[in-house]
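The sequence and structure come first.

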Amino acid sequence: MQVLQGLAILLTLQSAGEALARLLHLPYPGPVIGMVLLLGALRWPAVQQRVQAVASFLLGHLSLLFVPVGVGVVTQLGLLAEHGLRLLLVIAVSTWIGLAVTALVLRRLMKAWHD
Amino acid sequence: MTDFVQLWVYLASTPLFGLNATLVVYVLALAFYTRMGQAPWANPVLWSILALGTGLWATGTAYPTYFAGAQFIHFLLGPAVVALAWPLWERRAALRAHWARFTLAAVVGGAAAAGSAAGLAWALGLPAEVVLSLVPKSVTAPVAMGIADKIGGVPSLAAVFAVLTGLIGALSGKTLFALLGVGRDATGWMARGFALGTAAHGIGAARALQVHADAGAWAALALGLQAVLAALLIPLAMRWL
């Protein structure tokens, strides 16, 4: 029951996020606004209890949710055949740069704080 | 034989097929991943995509036919993004104490990933719409699609690039962090998890969560933070450029 109530809360806030984005012409995707709304709503214990179970379930299986979009790579085979190697190079190198910069910056900031 | 062909044609055209195939293949891929001791190369998303993609190609099934069923799983990405508020809430004490450090690391790391992707793609002479679709690739797929749409990229391309980015992060994070000397102490796990959530979004965060509970929590926090920051800053930055 709590999972269903939690899902109802998530969907309601997602809809609210979509509505706010359209009405106020905000440059954010609806789910991101929904996330900010939920962050505010979590101060109420009633919301916490209901959201915890469904959030753990959804985030625990997050990687499954990327499979349908990932299979969409079959629709881009033409592009990949044409630019595949360069695309892979760009994606790999920029991901490594992003990972390295984030990890090293955060580590340095946290070490500076500890000292 | 013709009966069998007719049955296949019928089954392959109902939404049940895409949903069923996605779940079964993923469950098998996850079992394989567990069996391989969660080795990065055995990543369940990678093998699910390869198996399903090959299956569609071999049977001549169109992607929209597959997606008619798979969309029920895809749809859950929306509520999952909303649910990211939960790990942020759980870590609110750390977030309150270190919000400036987290935000700085997320902005600098996210900008490094997006900037290097756009710069490299441009230098290698990739078409403009491809370059623009590469910019939001570190952000979780549904948000990346929204951003790509706003800045003149192609949403479906951005989603594929985001998934490839997540896979590369999940596959190579362990080796990269070892090379950089990011350790396995509390600060090291925080830096590893946070970096995976920032630069390799949900797929990187899922990997972090499987390896170490703390790293997973920091990754989920970074993922939520990156979604908010990127949705805010990328369209703004593109307006200035």
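## Domains of chain B

Domain bounds are taken from an automatic or database domain assignment. The model is predicted: local features need pLDDT of at least 70 and side-chain atom pairs count only at pLDDT 80 or more, while totals for chains, interfaces and linings use all residues. Residues are numbered from 1 along each chain as its sequence is written, and chains are lettered from A and ligands numbered from 1 in the order in which they are written.

Chain B splits into domain 1 (2-74) and domain 2 (80-240). Their C-alpha centres are 27 Å apart. Six residues from domain 1 of chain B and six residues from domain 2 of chain B make the contact (C-beta atoms, placed from the backbone, within 7 Å).

## Contact between chains A and B

In chain A, 61 residues are in contact with 90 residues of chain B. H6(A) gives the largest share of chain A's side, 24 residues. That side holds 45 nonpolar, 13 polar and three charged residues. Here Ala, Val, Leu, Ile, Met, Phe, Trp, Tyr, Cys and Pro are nonpolar, Asp, Glu, Lys and Arg are charged, and the others, Gly among them, are polar.

## Helix H12 of chain B

Helices are DSSP runs (H or I, at least four residues), numbered from the N terminus. A residue is buried if 20 or more other C-beta atoms, placed from the backbone, lie within 10 Å of its own. Because 10 of the 11 residues of H12(B) (residues 201-211) are buried, the helix is largely enclosed by the rest of the structure. Among the buried residues are B:His201, B:Arg207 and B:Val211.

The cover over these buried residues includes H4 (62-65) of chain A, as well as H3 (44-59), H10 (155-180), H11 (186-199) and H13 (213-240) of chain B.

Definitions and conventions: A residue is buried if 20 or more other C-beta atoms lie within 10 Å of its own, exposed if 12 or fewer, and partly exposed in between; C-beta atoms are placed from the backbone. Helices (H or I, at least four residues) and strands (E, at least two) are DSSP runs, numbered from the N terminus. Two residues are in contact if their C-beta atoms, placed from the backbone, lie within 7 Å.
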